[in-house]
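Hi,

Here is the structure I promised you. Please open it first, then read my notes below.

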Amino acid sequence: MEVMENGGGANMKGLLNKEMRHGRTAHNMSSSSLRKKSDLTLVSKISCGPLKDMLVNIQEVVLGTKLSILFPAVPIAIVAQCYGFGRPWVFALSLLGLTPLAERLSFLTEQIACYTGPTVGGLMNATCGNSTELIIAIFALSHNNIALVKYSLLGSVISNLLLVLGTSLFCGGLVNLRQEQKYDRRQADMNLLMLFVALHCHLLPMLFHYAGASEGVTAESSLQLSRAASIIMVIAYFAYLVFQLWTHRTLFEDHDQNEEEGDTDSDEAVIGFWSGCVWLVGITVIIAVLSEYVVETIQDASNSWGISVSFLSIILLPIVGNAAEHAGAIIFAFKNKLDISLGVCLGSATQISMFVVPLCVIVAWILGIQMDLTFNLLETGSLALAIITTAFTLQDGTSHYMKGLVLFLCYIIIGACFFVQRTSSDQINASSIMLKSAREEVFRA
């Protein structure tokens, strides 16, 4: 009888873990590749219960990642800002500090999801996957720096499609030269379709500027269309979540049973529910502080280093801020797990373009800030080329290193384009000033 109970308990535990995995997204699975198992030998010898729990939480949250070596950058950045050290150093340290914090935010979201069930957990993972970009964008909006919002979010989409996906396919192809790497095209097709919808919503407001009307009428029409399109994009994204988490959930799951069996232990919660909530709030606050530092010091870093703000926002911010997620995608490509790598790259690009960007437009609308979906011709062209190139690359369901190399080289070309582009501080805020003056002109008329 005892054997049957133990066996039944083990089976029930396995079923629970399998069900909880349904709430995990590729974003969380990629971040988990950078986690390390904590050694609780010394902590377990402490007799005081509250102190023991606190030390366990600290060890799991702070030291439970391979990126823990970057955590000292967080207090150094805060001290540097408080004592007026060089602002370019504050910018650099804040970026370094955001790297492990973004990975830990993903870890805590997954820990809480273990207690909320697969549906709520999957919804949390899907909506909080790019929290760092959203926080930076909100602080940039609060400083009325609309160009920085657009640049940073555009850079995140392009880096996911070309840099991260290209590096994953290239490295995975080299390691698995004698194997044909395959992936599920259905997941890729769905994400690319959503990206084309986002491109559609960016192109139409920009075309108003070439319609031949006066600048004031054009700006006002573009703003109104952008707000309407943003509402539609958010609705489409939530429909996509229903498709991903309920009606067609199997399309977005990893079907390698051996890998799932090996990951059973990693699916178990290592900290309590309320502890996870407290840590989640605390790390979110720290990310908000560092994000504000980034927004406040990016112009000083641009002037000091002689690099345009557009390059720092489109190229540097996404690379450093999402380094943990990107490294995870490459690691899974090494293991010939391209479905997860594609889920990370395409899923993150879809979330930013279809949720974060329109949400910023809506938030700006609420705050009385005139932000639209219009990019300059260069930025819109770069986005279109990135999406179209990625769509052609993934059309046959197989991969090799040459496809990854082509995507990576395309990213290098776009990066070089923004590196040689020189944008003055007056031009950086030109879009917001133009919208404001255009609307005033319409009202006066």
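**Confidence first**

In this predicted model, residues 1-22 keep a pLDDT under 50, where pLDDT is the predictor's confidence in each residue, from 0 to 100. For that stretch the model has 15 contacts beyond four places in sequence. Contact means heavy atoms within 4.5 Å. Residues 257-266 also have a pLDDT below 50. That stretch has eight contacts in the model beyond near neighbours in sequence. Where pLDDT is low, the predicted coordinates should not be read in detail. Across the chain the average pLDDT is 79, and 74% of the residues score at least 70.

Some ground rules. Residues are numbered from 1 along each chain as its sequence is written, and side-chain values use heavy atoms, with hydrogens and water left out. As this is a predicted model, local features need pLDDT of at least 70 and side-chain atom pairs count only at pLDDT 80 or more, while totals for chains, interfaces and linings use all residues.

**The whole chain**

The chain has 19 helices and two strands. These are DSSP runs, numbered from the N terminus: helices are H or I with at least four residues, strands are E with at least two. Of the 445 residues, 53% count as buried. Buried means under 20% relative accessible area, exposed means over 50%, and partly exposed is in between (1.4 Å probe, protein chains only). Take the contacts between residues at least 6 apart in sequence: 84% of them join residues at least 24 apart.

**Two helices side by side**

Two packed helices are described by the angle between their axes and the distance between the axes. Look at helix 8 (residues 146-175) and helix 15 (residues 338-366). Their axes come within 10 Å and cross at roughly 170°. Axes are lines fitted to C-alpha atoms, for helices over the stretch in contact, and angles run from 0 to 180 degrees between N-to-C directions. Helix 8 and helix 15 are therefore roughly antiparallel to each other. The cut-offs are under 35 degrees for roughly parallel, over 145 for roughly antiparallel and 65 to 115 for roughly perpendicular, with the rest oblique.

Which classes of residue make up the contact of helix 8 with helix 15? It has 17 nonpolar, six polar and no charged residues. Ala, Val, Leu, Ile, Met, Phe, Trp, Tyr, Cys and Pro count as nonpolar, Asp, Glu, Lys and Arg as charged, and the others, Gly among them, as polar.

**Two asparagines in loops**

Most residues other than glycine have a negative phi. Asn144 has a positive phi of about 60°. Asn144 sits in the loop between helix 7 (131-142) and helix 8, and is partly exposed at 40% relative accessible area. Asn336 also has a positive phi of about 60°. Its loop lies between helix 14 (323-334) and helix 15. Asn336 is partly exposed, at 24%.

**Around helix 10**

Is Ser230 buried or exposed? Ser230 lies in helix 10 (residues 215-247) and is buried, at 0% relative accessibility. Beyond four places in sequence, Ser230 contacts Pro358, Val361, Ile362 and Leu373.

Phe208 is in the loop between helix 9 (185-207) and helix 10. Phe208 is partly exposed, at 30%. Beyond four places in sequence, Phe208 contacts Thr218, Ser221, Ser222 and Leu225.

Best wishes
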